[in-house]
Amino acid sequence: MVDYLCGLGHRRIAIITACEDDISIGRLRLNAYRQALLDHGIPYDPDLVFHMTKDDTYSFATGYKITKEILEKKTEFSALYATADTLAIGACRALKEAGLTVPDDISVAGFDGIDAGEYYIPSITTIRQPVEEIGKATAGLLFDLIKGKEKPRQLIYEGELIQRESTARCKQ
């Protein structure tokens with residue numbers, strides 16, 4: 001997703017991500033954010049990284065709350081990457097309440113490809129995951145592990161970029 005935002009000319013990309021000690025998918029998405037910035041020659045700025053707390057969930061309310069905190073800090077950014085579509089939708093609400101327009105003032109992108117993102121206004125640009133394929137493969141792998149037929153391994157699936165209304169070319 002960060003590659004896509006950089007391709008639109010964004011250089012100040014804020015991120016809402018998992019708590020700092022997360023060791024699962026949140027960590028992977030933060031590492032991918034850092035790598036994409038590096039690939040585009042953009043220095044990593046820790047002031048653009050906003051972590052959820054251990055009590056937060058990947059919810060509309062958390063995206064809203066953290067975006068309000070970002071705005072209160074007066075952090076300059078042209079795009080916001082929320083590591084879940086629910087966070088992105090909550091972020092859009094906070095931006096609207098602050099008098100900002102998505103995507104004219106701030107581009108917002110999510111991750112997951114949930115149905116609500118398609119129907120929110122503006123519809124959320126996202127990465128859709130092949131959840132059915134992932135679910136089937138995970139179940140099969142689990143059963144094979146239980147039967148002793150398989151050793152633990154990591155499966156990687158490509159996501160699909162869904163370009164919608166919440167992102168635009170950077171005007172800055």
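Visitor: How many of the residues of strand 1 are buried?

Guide: In this predicted model, five of the five residues of strand 1 are buried, so that the strand is mostly covered, with buried meaning under 20% relative accessible area. The cover extends to both faces of strand 1. Ile 13, Ile 15 and Thr 17 lie on one side, Ala 14 and Ile 16 on the other, and each of these residues is buried.

Strand 1 has two pairing partners to consider here. With strand 3 it pairs in the parallel sense over four bridges, and within that pairing Ala 14 has Leu 80 as its bridge partner. With strand 2, strand 1 again pairs in the parallel sense, over three bridges; here Ile 16 stands opposite Phe 50. The chain passes from strand 1 through helix 2 to strand 2, forming a right-handed β-α-β crossover.

Not counting residues up to four places away in sequence, Leu 80 touches Ala 14, Ile 15 and Ile 16, and its other contacts include Thr 67, Ile 70, Ala 91 and Val 108.

The largest nonpolar core holds 40 residues, and Ile 13, Tyr 33, Leu 80 and Tyr 81 touch the most other members. Strand 1 (13-17) is one of the elements that give two or more residues to this core, as are helix 2 (25-39), strand 2 (49-51) and strand 3 (79-82). Helix 4 gives the most, with six residues. In soluble globular proteins, nonpolar side chains tend to be buried together.

Notes: Residues numbered from 1 in each chain as written. Predicted model: local features only at pLDDT ≥ 70, side-chain atom pairs only at ≥ 80, totals over all residues. Heavy atoms only, no water. Core = buried A, V, L, I, M, F, W, Y, C linked by side-chain atoms within 4.5 Å. Buried < 20%, exposed > 50% of the residue type's maximum accessible area, 1.4 Å probe, protein only. Contact = heavy atoms within 4.5 Å. Pairing = 2+ DSSP bridges. Right-handed = clockwise from strand over helix to strand, strands pointing away.
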